[in-house]
Amino acid sequence: MTDRLPFTVIGGYLGAGKTTLLNHLLTHAAGLRVAALVNDFGSVNIDVDLVRSHDGDTINLTNGCMCCSLVNGFASAIGQIRVRADAFDHIVIEASGVADPAKIAQYGQMYELPLDGIIVVVDAEQVRTQATNKYVGDTVVRQFAQADLIVLNKTDLVSAEELSRLRAWLAELAPGTPLIETVGAKVPIQVLLGAHEGRAPARTEADEAHDADHGHRYQTCTLERAAPLSRTTLERFAAGLGEDIYRAKGFVCLQDDPDRRYVYQQVGARWSLEPGAAWGSEERRTRLVVIGRQGATQARTLETLLDTAGPLVRPVISITADKAGGSG
Amino acid sequence: MTDKIDRRQFIKTGVGATLGVVVAGSLPARAELEIPMTNKGAETIFRGGTIITMDDKRRQVAAVAVAGGRILAAGDEAEVMKTKTDATKLVDLGGKTLMPSFIDSHGHFMNAPQIVKWANVSGPPAGPVSSIPDIVKGLKAHQEKFKLKKGEWIIAYGYDMTNLREGRECTRDDLDPHFPDNPVMLIHSSNHGAVLNSAAFAAVKMDKDTKTPPGGLIVRKEGSTEPAGLIMETAFLPIFGNMPQPTEEELLDTLDAAQQIYASAGVTTCQEGATHAKDLAFLRKGAEQGRFYLDIVSLPLVLEIPALVREYFPNFSGGPMQIPDTAKESFGTYKNRLKLAGVKVALDGSPQGKTAFWSKPLLTPGPGGEANWRGQPLFPPELVNKAVKELYDKGIQVFCHCNGDAAIDMMIDAARAAGVKASQDRRTVIIHSQFMRPDHIDSYAELGFSPSYFTNHAFFWGTTHVKNLGKERAFFLSPMASSVNKGLRCSNHTDFSVTPMEPMRVMWTAVARKSREGEIIGPDERVDRWQSLKALTTEAAWQIREEDQKGTIEAGKLADLVILDGNPLTVDEDKIVDIKVVETFKEGNTVYKRAAA
């Protein structure tokens with residue numbers, strides 16, 4: 001099982017900020033050991049203090065993360081990581097600017113890796129031009145539709161009017177897909193990546209400190225319940241979250257298999273429930289963290305999605321402060 | 001191990017740690033080395049048959065004299081016989097045809113060392129298989145030939161159900177009784193799948209519990225989840241990627257057999273047209289060990305430039321896609337029969353796989369069932385423009401793979417942006433140049449682009465292209481006649497091993513453009529036989545800047561020659577493909593001779 005590392009695909013056209021997002025992710029991995037596969041090795045620009053070693057086609061970081069070039073092909077890079085699967089928690093693949101991220105996701109799945117999600121980064125300033133380019137316009141637009149989560153980056157380079165036009169335009173091209181607005185592609189890792197078996201899924205207030213200037217307001221709600229949930233309840237919960245929720249993740253105690261801890265993952269509309277280890281001595285309790293746009297994670301609303309098997313024990317709301325304004 | 005050390009030292013202490021060391025070397029230029037000793041006279045004189053010179057000024061001659069690896073004289077018998085001495089060997093062609101040997105203007109030499117270790121289970125004309133018993137027979141012969149022991153893989157290529165008389169897929173049950181102890185893999189002609197037997201399923205750990213991955217196919221036995229034999233796409237690719245690889249030594253030992261694929265087809269200049277850094281290291285080793293008797297033209301892939309620069313220019317401090325000024329010295333000269341001609345750029349995929357990049361959608365859905373599919377480029381235009389400009393600026397010849405018209409547009413844009421003009425004589429080769437639009441021909445003339453066409457598509461995939469693209473676009477595939485009319489120089493290739501190494505088939509498809517089903521794919525684009533032979537000789541030589549050495553039978557050029565058992569200029573059109581090679585010469589030496597009947 002250890003070689004079944006969850007993976008995330010980062011797509012988006014040239015210059016959108018994919019590598020910036022990746023650098024951000026690698027340097028703020030918050031204890032997660034991320035193996036990143038990149039196309040353009042030369043542009044990965046990691047804080048030198050974090051670089052432990054740099055040999056040939058890999059960069060090893062002091063925080064346990066690694067960056068690996070895709071120059072010898074996908075199979076070779078994945079193979080390299082799989083032999084060291086115990087050393088990592090998550091794989092992030094940076095798709096090339098003209099790749100269909102959904103196809104990259106399919107490659108990963110053929111190695112039986114579980115797909116955590118597809119994140120597409122969009123250059124707020126250039127995307128209109130890119131979308132009408134005679135060579136790549138259709139590719140750029142197709143990328144939006146494949147996203148589980150869209151990161152609209154460089155919002156500081158466009159006017160408020162243009163930003164609202166962009167939102168409407170993207171909503172039309174990728175209906176129902178959550179959109180996060182950023183400057184410098186600073187998206188909290190808790191939003192970017194899902195939960196990990198054997199690791200606490202909940203984020204702490206301390207983890208959020210570095211999210212302070214990402215130009216977007218986030219709100220987190222933690223749902224807990226002691227009584228086991230049915231699969232139908234979870235299906236309804238997943239379908240009901242809507243586009244203002246970016247991410248939901250956590251452990252589930254399931255009615256039809258209560259001895260095992262299940263891992264719940266959701267990004268945008270994509271969600272999964274995978275059997276994990278036995279609960280053992282741990283308390284059997286469903287605990288889900290929901291992260292969304294500020295104001296969207298109303299405990300009462302979320303509560304109704306879980307209303308079939310007993311009352312919620314403790315909804316917890318936390319709000320992340322936001323210097324840069326953003327959409328809230 | 002010692003080889004490795006030697007190579008390192010060689011690089012470090014060489015004539016500067018430059019790519020120049022890769023192939024350019026201390027050997028004097030060939031002209032200096034091998035000027036024929038005219039006063040010594042001919043070593044060999046050929047006469048008594050048809051001698052096609054491929055020289056526009058004098059298409060046929062009666063006799064040819066060879067000395068010192070070069071053509072000493074070509075002309076009337078009396079004239080040529082003046083070079084005869086007591087030591088001269090007289091060869092009577094016995095009515096057969098002598099002409100310049102062929103130049104592979106685009107193919108993948110590195111596929112040859114692998115293929116010679118595999119059985120060919122293709123259907124006619126590429127192989128011998130029309131039924132499942134034919135497959136078993138071919139595999140048995142292969143097992144015998146390579147003395148494969150229990151447990152060793154039997155790998156075959158070219159499998160395609162549509163060639164089978166049985167009208168169904170071959171299964172593990174067909175193979176198991178004959179091959180109980182050896183894993184068998186019949187690789188599908190698309191290279192996207194394979195049929196496995198039970199030993200192979202066991203070896204790759206695929207069984208009734210294996211889930212089918214998204215985008216994959218595992219055909220199951222009826223009424224069970226047990227795999228039946230055929231696996232495709234995402235179910236196959238990881239398995240193929242993990243197959244045991246031959247060692248370098250094993251591959252080096254196949255280089256003779258690999259070259260025989262070419263020599264037996266009358267080809268004496270082979271192209272490795274998409275060279276990875278590790279392939280280049282392998283080819284260099286083959287060259288250093290003196291294993292090549294044919295010329296090998298290598299085109300390193302543009303994506304490998306950072307790795308090559310790191311390896312051969314360790315002190316270069318430019319950016320990731322920058323090339324040192326001295327890199328061009330590494331190109332254009334043979335060393336131990338290996339030459340770098342230029343850099344290969346690829347802008348799209350293949351038209352039959354629907355991964356080429358067109359400006360207008362196909363009439364059929366995309367490879368994943370997409371509507372309005374027109375394919376997509378492999379790289380963003382911004383990156384292409386930058387990389388292409390860097391190559392042009394550094395004086396390196398560009399060989400660019402473009403199949404769809406939008407990919408061609410991208411390359412035209414990139415060359416214009418780099419300030420390229422025909423008068424600069426850069427000889428940018430557009431590999432395949434398959435689905436051009438008529439307006440592209442003028443752009444090619446303006447920019448000095450030279451297409452390396454692939455008219456075999458008319459035969460192998462003509463019907464498919466008509467279905468996917470409609471007649472207008474399909475009929476203009478590899479438009480050699482329109483191009484020649486506008487003064488473009490065009491070669492023609494097999495893209496080996498995509499289609500078989502058969503120059504006579506390439507010649508025929510340029511002349512006839514007939515599909516397997518007998519439809520003429522673009523009657524207006526058929527060329528005459530002379531032109532179609534030039535594409536395999538003079539034009540191919542010109543594209544790799546060897547027109548002063550190769551391509552025609554003229555005094556002073558290399559004696560790279562082939563004897564054919566029929567005259568391609570005069571046999572019935574449908575018999576062109578049946579012409580067989582009798583003997584092939586590289587610089588006067590026999591490199592292939594057909595076994596006596």
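In which loop of chain B does B:Arg427 lie? I found B:Arg427 in the loop between α14 and β18 (429-432) of chain B, with helices (H or I, at least four residues) and strands (E, at least two) taken as DSSP runs numbered from the N terminus. B:Arg427 is not a glycine, yet I noted a positive phi of about 55 degrees there.

I kept in mind that this is a predicted model, in which local features need pLDDT of at least 70 and side-chain atom pairs count only at pLDDT 80 or more, while totals for chains, interfaces and linings use all residues. Residues are numbered from 1 along each chain as its sequence is written, chains are lettered from A and ligands numbered from 1 in the order in which they are written, and side-chain values use heavy atoms, with hydrogens and water left out.

**Interface of chains A and B.** I looked up the contacts (heavy atoms within 4.5 Å) and found 26 residues of chain B touching 20 residues of chain A. The two chains bury about 2,000 Å² between them, 57% of it on carbon and sulfur atoms; buried area is the accessible area (1.4 Å probe) that two parts lose on being put together, summed over both. One salt bridge crosses the interface, the term meaning a side-chain nitrogen of Lys or Arg within 4 Å of a carboxyl oxygen of Asp or Glu. I traced a salt bridge between the side chains of B:Arg374 and A:Asp138, at 2.6 Å from N to O. On the side of chain B that touches chain A, α8 (237-241), α13 (381-393) and α14 (405-417) each supply at least two residues, and the largest share, four residues, comes from α14(B).

**A second salt bridge.** I also checked B:Lys550, which pairs with B:Asp295 in a salt bridge whose closest N and O atoms are 2.7 Å apart. The pair links distant parts of the chain, 255 residues apart, with B:Lys550 in the loop between α21 (538-543) and β21 (561-564) of chain B and B:Asp295 in strand β14 (residues 295-300) of chain B.

**Cis peptide bonds.** I recorded a cis bond joining B:Pro124 and B:Pro125, with omega about 5 degrees, and placed B:Pro125 in the loop between β7 (119-120) and α5 (132-145) of chain B. The peptide bond from B:Phe496 to B:Ser497 is cis as well, with omega near 5 degrees, and B:Ser497 is found in the loop between β20 (491-492) and α19 (503-512) of chain B.
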